[in-house]
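Subject: A structure for you to explore

Hi there,

Here is the structure I promised to pass on to you.

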Amino acid sequence: MNATDPEPDPGLDPVENVVATIARSAAEIRQGLVGRRGKAGAENPSGETQVEADVWADELLADRLTSIDGVAQYASEERSEIIDGGDDRVSVAVDPLDGSSNLKSNNTMGTVFGIYDEPLPAPGSALVASGWILYGPITTMAYARDGSVTKYELTGGERTVVEEDVTLPDDPLVYGFGGRVPHWHDEFREFVREIESNPDHKLRYGGAMIGDVNQVLTYGGIFAYPALEGSPRGKLRLQFEGNPIAYLIEAAGGRSSDGSTSILEIEPDDLHDRVPLHVGNAEFIDRLEDALE
Ligand SMILES: O=P(O)(O)OC[C@H]1O[C@](O)(COP(=O)(O)O)[C@@H](O)[C@@H]1O
Ligand SMILES: [Mg+2]
Ligand SMILES: [Mg+2]
């Protein structure tokens, strides 16, 4: 595809309308970061300080996505309640800006989305599509649907396919692990030592999950934000971060795990549940699960 993404069309599949709307909004979101790097003076439902851009991007996406025919619900990391538009076909969950603490230093961040065919909160097995926008030196999108991953470059309203049927490279190269090292559990620390001791592996950690996971998709490897001492469910949110990432990485031939089972199998209790997240090449996730057993 090398075309301007269309305005939402009531005759079209709501999933494709949602994806086209997010892709078309990416240039505007990127531009809108300028002047919105300061604190918003409020906390999100996870107790984190919001920056102005978090609140602004959430409102922009809420307005646009809830106006699409076929979208029943909109939920986001930045608001407590679901916007419920009735019993339409799909529910959209977004992390409007992932890694927004990187705004201050002007480092990479992204937008993450999951499209579910059940009311939220829903398990990852109810996802019908997911993806992310990466605001790097250029704006790109990775998108998974029906077990297949496509990468795009986004310029203005245009979406250009860069690669289809994307799979994780066979020889994993990069690793990145979140959380303070003194708070890692011993078994996890041992696993990390083993990964680090291989001279073919390189550390990549940028403080925005989406930047780090995109490196894993590009070079092969593993990203984790594990369970920590004092935070048994880690930091990342199941609906807005864990499930969409896991769905895409699994569609690319990789694996996801909360330490023992696929992220996509977890039944949520609450919209803002957190989850220990480990994603990457199957051989790494297999070894991780053995180590944490
Ligand atoms: O600052 P830490 O503990 O390394 O955490 C970084 C993690 O937190 C996050 O920034 C959380 O995402 P948000 O910016 O959407 O809250 C992840 O993107 C990233 O992996
Ligand atoms: Mg995030
Ligand atoms: Mg966020």
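Below is what turned up, one region at a time.

Before you start, please know that this is a predicted model, in which local features need pLDDT of at least 70, side-chain atom pairs count only at pLDDT 80 or more, and totals for chains, interfaces and linings use all residues. Residues are numbered from 1 along each chain as its sequence is written, chains are lettered from A and ligands numbered from 1 in the order in which they are written, and side-chain values use heavy atoms, with hydrogens and water left out.

Let's begin with the metals. Donors here are N, O and S atoms within 2.8 Å of the metal (3.2 Å for Na, K and Ca), and water is not among the atoms, so sites may look incomplete.

The magnesium ion (ligand 2) is held by Asp 95 (OD), Asp 98 (OD) and Glu 241 (OE), at 1.8 to 2.1 Å. Along the chain, the donors of this ion follow the spacing D-x2-D-x142-E. Asp 95 lies in strand β6 and Glu 241 in helix α5 (residues 238-251), so this pair ties together parts that are 146 residues apart in sequence. Helices (H or I, at least four residues) and strands (E, at least two) are DSSP runs, numbered from the N terminus.

For the magnesium ion (ligand 3), the coordinating residues are Glu 77 (OE), Asp 95 (OD) and Leu 97 (O), at 2.2 to 2.4 Å. Their spacing in the sequence reads E-x17-D-x1-L. Glu 77 sits in the loop between β4 (71-76) and β5 (83-84), while Asp 95 is in strand β6 (residues 90-98), 18 residues away from Glu 77.

Which residue coordinates both ions? Asp 95 does, and the two ions are 3.7 Å apart.

Are Asp 95 and Glu 241 buried or exposed? Both are buried. Buried means under 20% relative accessible area, exposed means over 50%, and partly exposed is in between (1.4 Å probe, protein chains only). Asp 95 has a relative accessible area of 0%, and Glu 77, at 4%, counts as buried too.

**Salt bridges**

The structure holds 15 salt bridges, each being a side-chain nitrogen of Lys or Arg within 4 Å of a carboxyl oxygen of Asp or Glu. Here are some to look up:

- Asp 13 and Arg 145 meet with N to O at 2.6 Å. Asp 13 is in the loop between β1 (2-4) and α1, and Arg 145 is in strand β9 (residues 139-145), 132 residues apart. Asp 13 is partly exposed at 24%, as is Arg 145 at 23%.
- Glu 28 and Arg 64 meet at 2.9 Å, N to O. This pair connects helix α1 with helix α2 (residues 52-66), across 36 residues of sequence. Glu 28 is partly exposed at 37%, and Arg 64 is partly exposed at 26%.
- Arg 237 pairs with Glu 77, with their closest N and O atoms 3.5 Å apart. Arg 237 is in the loop between β14 (221-225) and α5, 160 residues from Glu 77. Arg 237 is buried, at 2%.

That last pair belongs to a network of salt bridges that links Glu 48, Glu 77, Arg 237, Glu 241 and Arg 274.

In helix α1 (residues 14-32) you will find Arg 24, which counts as buried at 19% relative accessibility. The C-alpha atoms of Arg 24 and Gly 157 are 4.8 Å apart, although 133 residues separate them along the chain.

How many of the 11 residues of helix α4 (residues 209-219) are buried? Eight are, so the helix is mostly covered. Among them are Met 209, Ile 210 and Val 213. Just after α4, Gly 220 takes a positive phi of about 80°.Happy exploring!
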